[in-house]
Amino acid sequence: MIIKHQRGRGNKVHLLLDDEYKITTDINFWMDNYIADGTDIDEEQWQELVDGIHYKKALNKCADLLSRREHSVKELKTKLLRTVDETSAQKAIDRYMEAGYLDDEHFCESLVDYLYHVKKYSANHIKQECYKRGVDGDIVKRVLENFDVDNIETIAHLIENKYSSKLEQENGRQKVIAALQRKGFSYSDIKSAFYRLEQDEF
């Protein structure tokens, strides 16, 4: 099989076998793995080149996604599999985990902190959000135990800062309770928060 290359737009390089287009890579990869035009290569050499291109693509995609926000391992792999094969995706993930840039426990801690302090979610809602992102149950349990989420304090904050005007409406209390239950808070915790606010215990 005779290999040739053609420059594409930007830093793209198109590779051809026997004058038929096969795959696109970037100029950095091609310079590191350069093969002169007209070289006769076998199937094993070609497959090694293709695997390298896919792995480089997976690494680049990881870098792009992680530069935007933290991801769980499962989240990242799901996104990688949209554009690269399973083997390349797993190799890239393993590389980023080894380098310390991908850590489900750290991701979970950051997510819990955001959902609790910023979004004001209940402990149960936080747990479900973590599960939805593919974080292992043992990690979620450990992080939540160390975090000390206080549902009643969160409810009181929401009542005072988000739902105070709604309380003045007709059936306002019932509407606020329903809204809080939709956020995952239990009726008993909501009742306790109302009681503490009425007793001015916060």
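By class, how many nonpolar, polar and charged residues are in the lining of the largest pocket? There are three nonpolar, six polar and six charged ones; here Ala, Val, Leu, Ile, Met, Phe, Trp, Tyr, Cys and Pro count as nonpolar, Asp, Glu, Lys and Arg as charged, and the others, Gly among them, as polar.

A word on the ground rules: this is a predicted model, so local features need pLDDT of at least 70 and side-chain atom pairs count only at pLDDT 80 or more, while totals for chains, interfaces and linings use all residues. Residues are numbered from 1 along each chain as its sequence is written, and side-chain values use heavy atoms, with hydrogens and water left out.

Back to the pocket. Its volume is about 320 Å³, meaning the space filled by probe spheres set on grid points joined across faces, edges and corners. A pocket is an open set of points on a 1 Å grid over the protein atoms alone, where a 1.4 Å probe fits, with protein on both sides within 12 Å along at least five of seven lines; lining residues have an atom within 4 Å of a point. The largest pocket has 15 of them, and Thr24, Thr25, Asp26, Lys57 and Asn60 lie nearest its centre. β3 (20–26) and α2 (43–68) are the elements that give two or more residues to this lining, with the largest share, seven residues, coming from α2. Helices (H or I, at least four residues) and strands (E, at least two) are DSSP runs, numbered from the N terminus.

Axes are lines fitted to C-alpha atoms, for helices over the stretch in contact, and angles run from 0 to 180 degrees between N-to-C directions. On the α2 side, residues including Tyr55, Leu59 and Cys62 meet α4 residues including Ala89, Ala92 and Tyr96, contact being heavy atoms within 4.5 Å. That contact has nine nonpolar, two polar and three charged residues.

Now for another pair. Helix α5 (residues 104–117) and helix α6 (residues 123–132) pack at about 140 degrees, with axes 10 Å apart, and are therefore oblique to each other too. Cys108, Leu111, Val112, Leu115 and Tyr116 of α5 touch Ile126, Glu129 and Cys130 of α6. Seven of these contact residues are nonpolar, none polar and one charged.

Technical notes
Parallel < 35°, antiparallel > 145°, perpendicular 65-115°, else oblique.
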